[in-house]
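Please find below a note on the model under review.

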Amino acid sequence: MVLKVSEVSGNIDRYHGEFEGTDGTEGTQSGLLRASFPNFGENFVGGMTLRSKRTAVCTDSPTSSCGSSLSVSSMLSTSPSKPSVMSASSVSSKPIPIVLQKKHSPYTEKGQFHAWIDAMRAQSPPHVHSLHEDIPEAFDLEAAVYKSWLEKHPSALSSFDNVIKHAHQKQVVVFLDYDGTLSPIVEDPERAFMSTEMRASVKDLASCFPTAVISGRSRPKVYEFVQLAELYYAGSHGMDIMGPAKSSDGFRVKGTKSRDKKGNEVVLFQPASEYLPLINKVFTALIETTKLIKGAKVEHNKFCVTVHFRRVKEEHWEALAERVGNVLKDYPSLNLTHGRKVLEVRPSISWDKGKAVDFLLKSLGFKDTSDVFPLYLGDDKTDEDAFRTINGSKHGCSILVSSIAKSTDAKLSLQDPSEVMLFLRRLVQWKNRSLENRNSLQKGAHNHN
Ligand SMILES: O=P(O)(O)OC[C@H]1O[C@H](O[C@H]2O[C@H](CO)[C@@H](O)[C@H](O)[C@H]2O)[C@H](O)[C@@H](O)[C@@H]1O
């Protein structure tokens, strides 16, 4: 049997592909291949022969049980902090000789740029169907990896009954990410529109449960896309929260009173407001430094800045990352994070989407009560903070939107925004049905009396 590990599931040719010599030295000509799977935040070690720059092939060998014992599930870990490394002995008693390039030092700046690029790529790898048409095994492996991953992060649609069982008689509060969750990922960030059907579904949802959109976009921008006044909005990855001063359901967001464009009284919470001048400066610097890189785009998200790589040819990614890094050297109080083909510059304050969820739950009067059931749906790296907050609450449900296996703390998954819409609609149906049941019970009791 031949196992091919393609670039889809593991970057073996980049700095991730470390070579570990049998004597522990770097660059030795024989030993074990330690390949990292950035999608899973995980390493696996196996006896392998590297045949080409892009494809590692594990061949049949009397000394190797690679094909049979290297189960797909053993290649996966959902805990990035605890990589499960398959020991050499679990694969083969004797390592198979391999030939590999010398590893890059992770401490050099170049290594840092590669790290950013690989992290970005892991969040948004190319779609498997379009890859390796000449290598069907690569597809099979990817499909098998996804199937195995689904066992750990089951579909929220097939687990729906279980979700509502836990939500029964609790106040459901829904948190939604925008890009990749409510709208499909597209090349041009200005055209990431949500469908009319999705908008109608979110509107129905908000009539049943308190609903918030938490996005990396600036708050006015995400509002422009969603256009629903009845929601709570948190832009700039939670650093810009606005809620109605007095909502019809009696909830109230804590913060400074202000007025929205229509003159309605609102409450604002902006924990990074003093960073605004710095963010404006870094935005101008990033525009300047990236202007000659074709396809690069810099988006001002009020309290953070996003540099888009999606329309830049891959051979120019390193140059772009390097330019971003060089600008950042002058801004020690700003941080860099990554997402789906984006690098994001943000204030280095201890505030993220998870903190925003916590803040909104508290403001809405729900924190530390056992009768609230928060749901969070998101697709990107920055949503992981929110997943962890939800997982840490007494009840709740974290759902990753992804059609590929990814390292995540989310408990459940949905493949794409169309599945998100189905899920939201089922929540509304469930709520309406429980209201009908309650009404008919009350009516029955009334008639009986
Ligand atoms: O937190 P989110 O609402 O998911 O926002 C995160 C970033 O989303 C946008 O970028 C992503 O979507 C774009 C449009 O589909 C896509 O072109 C890009 O590659 C994705 O990363 C948005 O443009 C960023 O500003 C947000 O930070």
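1. Basis of the note. Residues are numbered from 1 along each chain as its sequence is written. The model is predicted, and local features need pLDDT of at least 70, side-chain atom pairs count only at pLDDT 80 or more, and totals for chains, interfaces and linings use all residues.

2. Confidence. The protein has a mean pLDDT (the predictor's confidence in each residue, from 0 to 100) of 76, with 69% of its residues at 70 or more. The model scores are ipTM 0.99 and pTM 0.76. Over residues 1-108 pLDDT stays under 50, and the model has 201 contacts beyond four places in sequence for this stretch; two residues are in contact if their C-beta atoms, placed from the backbone, lie within 7 Å. Where pLDDT is low, the predicted coordinates should not be read in detail.

3. The four-stranded sheet. An open, antiparallel sheet runs in the order β13-β14-β16-β15. Strands (E, at least two residues) and helices (H or I, at least four) are DSSP runs numbered from the N terminus, and two strands pair if DSSP finds at least two bridges between them. β13 (297-300) and β15 (334-339) each have a single partner strand, so one side of each is left without a neighbour in the sheet. On average, neighbouring strands are turned by 20° against each other, direction ignored.

4. Pairing within the sheet. β14 is joined to antiparallel β16 by four bridges, and His-308 stands opposite Val-342 in β16. Four bridges also join β13 to β14, with His-300 facing its bridge partner Val-305 in β14. β13 and β14 form a hairpin with four residues between them, where Lys-302 in the turn has a positive phi of about 65°.

5. Helix across the sheet. Helix α9 (residues 317-328) lies across β14, β15 and β16 and runs at about 10° to β16. Axes are lines fitted to C-alpha atoms, for helices over the stretch in contact, and angles run from 0 to 180 degrees between N-to-C directions.

6. Which residues come nearest to the ligand? Of the 24 residues around the ligand, these are Tyr-178, Asp-179, Pro-189, Ser-215 and Gly-216; a residue is counted as near if its C-beta atom, placed from the backbone, lies within 6 Å. Domain 2 (154-271 + 351-439) and domain 3 (275-347) each give at least three residues to the shell, the bounds coming from an automatic or database domain assignment. β14 (305-308) and β16 (342-347) each supply at least two.
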